[in-house]
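Here is a walk through the structure. Keep the view open as you read.

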Amino acid sequence: MKQRQGLIALAFLAPALVCLAVLRIVPAISAVVESFYTESLLRGGRVFAGLGNYTDLLSNKDFRQSVGVTLLFTVLVNPIQVVVSFLLAVLFTQRAAGAKLWRTLVILPIATPPAVSAVIWSVIYRPDGLANGVLERLGLPAQPFLTSSSQVLPSLIVMLSWIGVGYWMLFLIAGIQEVPEEVREAALLDGAGPWRRMISVVLPLVRRPLAFVLVADTVSNLLVFAPVQILTKGGPNGNSNLLMYDVYTRAYAIGDIHVAQAEVVILVALTLAIVAGQFRLLRGDQ
Amino acid sequence: MKRASLSVLGGAVGILFFLPLLWVVTNSLRPGSETFANLSPLSWQTFLELRPTLTNYSALLNSAIGRATLNSILVSAATVVIGLAVCATAAFGLAAFQFRGRGLVFGIVVLSFLVPFDAIAIPLSTMFRDWHLTNTFAGLVLPGIGNGMAIFLLRQFFLGIPAELVEAGRLDGLGWFGVFRWIYLPLSKPALIGAGLMLFLFQWQAYVWPLLIGTDAKHILGPVALSNLQGQNFTDYGLVFAGAVVLTVIPLVVIAGFQRYFVQSVSSTGLK
């Protein structure tokens, strides 16, 4: 009986299992396998290279810079986005006139595909674009933004936060709304420093969605590609050359697919390491 | 008093987020030659156009972006229909049956969404090249249909359907597919819509994959076509902005139409 059930279940599961195996798991395994091979011109076809691709990468200056840029970007963008999303979630769950409308305006950019946002911001950041128009209005000097080695990462972070903060805020709003209304109202009305109270009462109660947002945001930021490819091509001087873009150029511009596979493996390993670290940290201070 | 200041603060933040989009919409309604005309100095005309024209939008119809947008709609729609069929049957297989290895199968599902798709896009694209799927609609749709997260979401919902209903259906002579089709599916509308949205947005927002696998004129998708246009020397920004508006409004309408389910699926993936 149980065996028959298994067969029927398998029939229902088969299409999805084939998809997941062929389109997710096999390529992941193939990346690992291929990363140990190299193309040989002498012998034709591929030959086993051991860790050769990895040592090539580690001794490559551009790759090392790319790792550094990616780590710097990760350390900056994630705390900024999580803190801003949380503060906005707190702000937009207060009873205030128009809160629903203002909240909707913050969420709107999540409908814009990342590549389309990148195209929009490429115009905003032009020397004669909207960003410098705003600075001029405020009496501030024009800035180079994407063409400056020091401003390129902050400029990307502003753009990515415009896209992402509304999305992460949704999870935190859902979490805050799980907190009983009386608790929130009591915290709010309890005299001095309502914001401080709000944060000290609400923060511990939304730990789970907050942890989820931190981890999911970190993963998505480690995979940022479209803005780099569209806005900066990794420049100037490699200062926005995030790993995902470096993998792409290595595979298609440089054409070394095996080294690119090794870099994919490193990128995924780095992602897992950072996420594992975050989990430990979050559990640690509980 | 305090509520009023919260309201002002919220309004300021909301408008700040909205300004770039407003600027894009405004410039999509004026000729491309005027895109940079109202920026120095900034004035209300930067963000409002009193004599709007739809010429950019009519030009869009005959441009590469028009065709690409239709491709995006086609690919996303196919992904949602096929993907829902594949994911819902799988979720039913996981939720309705007791069998040895169920834990293992569920583990594979979870594992598959822990590996981020963009990271494996490059190895997968070399496989697709060998299989001659480059520049085909099948090549664009396939990666979207087996979505571990959608299976997970549907399974959670299916687990809540009482076993008595299934037994009653079986006694009435329904086969297992009948149970799935006539009992599970009708009861699971919210979860199906949530999963459908997930499949749709995955495909609509995709960039890395369509860039790797479908860039010829017949198969190019909206975001790729738009970024190609932006990279040219003499760009008509009126056209670019009109394209950006169309590519944003379509998912916006879909999300707004199913807003309740969108927020539900978002919050349940975050909390459970």
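A residue is buried if 20 or more other C-beta atoms lie within 10 Å of its own, exposed if 12 or fewer, and partly exposed in between, with C-beta atoms placed from the backbone. Helices (H or I, at least four residues) and strands (E, at least two) are DSSP runs, numbered from the N terminus. The model is predicted: local features need pLDDT of at least 70, side-chain atom pairs count only at pLDDT 80 or more, and totals for chains, interfaces and linings use all residues. Residues are numbered from 1 along each chain as its sequence is written, while chains are lettered from A and ligands numbered from 1 in the order in which they are written.

Start with chain A. It holds 13 helices and 2 strands. Along the principal axes, its C-alpha atoms fill a box of roughly 80 × 75 × 35 Å. Of its 286 residues, 43% are buried. Two residues are in contact if their C-beta atoms, placed from the backbone, lie within 7 Å. Take the contacts in chain A between residues at least 6 apart in sequence: 67% of them join residues at least 24 apart.

Domain bounds come from an automatic or database domain assignment. For chain A, that assignment gives domain 1 (1-28) and domain 2 (59-284). The centres of these two domains of chain A, taken over C-alpha atoms, are 36 Å apart.

Now go to helix H12 of chain A, residues 243-253. This helix is mostly covered, with 8 of its 11 residues buried. The buried residues are A:Leu243, A:Met244, A:Tyr245, A:Asp246, A:Val247, A:Tyr248, A:Arg250 and A:Ala251. After H12(A) comes A:Gly255, with a positive phi near 80°. The peptide bond from A:Gly235 to A:Pro236 is cis, and its omega is near -10°. Most residues other than glycine have a negative phi, and most peptide bonds are trans.

Chain B comes next. It has 15 helices and 0 strands. The box filled by its C-alpha atoms is roughly 75 × 65 × 30 Å along the principal axes. Of its 272 residues, 45% count as buried. Among contacts in chain B with a separation of 6 or more, 80% come from residues 24 or more positions apart.

In the contact between them, 8 residues of domain 1 of chain B meet 8 residues of domain 2 of chain B. On the domain 1 side, 3 residues are nonpolar, 4 polar and 1 charged. Here Ala, Val, Leu, Ile, Met, Phe, Trp, Tyr, Cys and Pro count as nonpolar, Asp, Glu, Lys and Arg as charged, and the others, Gly among them, as polar.

UniProt, in an unreviewed entry, places the feature "transmembrane region" at residues 7-26, 73-97, 104-125, 137-158, 179-202 and 237-258 of chain B. UniProt positions are given in the numbering used here, feature names are shortened, and annotations may be inferred rather than shown by experiment. Residues 7-26 of chain B are 100% helix and 0% strand, with end C-alpha atoms 26 Å apart. Residues 104-125 of chain B are 91% helix and 0% strand, and their end C-alpha atoms lie 27 Å apart.

Follow helix H4 of chain B, residues 64-96. Its 33 residues reach 47 Å from first C-alpha to last, close to the 48 Å expected at 1.5 Å a residue. The expected span is 1.5 Å times one less than the number of residues. H4(B) has a kink of about 25°, centred on B:Gly83. The bend at a residue is the angle between axes fitted to the seven residues ending there and the seven starting there. B:Val81 also lies in helix H4 of chain B. Why is B:Val81 partly exposed? Because 14 other C-beta atoms lie within 10 Å of B:Val81. The C-alpha atoms of B:Val81 and B:Asn27 are separated by 35 Å, and the two residues are 54 apart along the chain.

Finally, bring the chains together. Their contact takes 77 residues from chain A and 74 residues from chain B. Helix H1 (residues 2-34) of chain A supplies the largest share of the chain A side, 20 residues. That side of chain A divides into 58 nonpolar, 11 polar and 8 charged residues.
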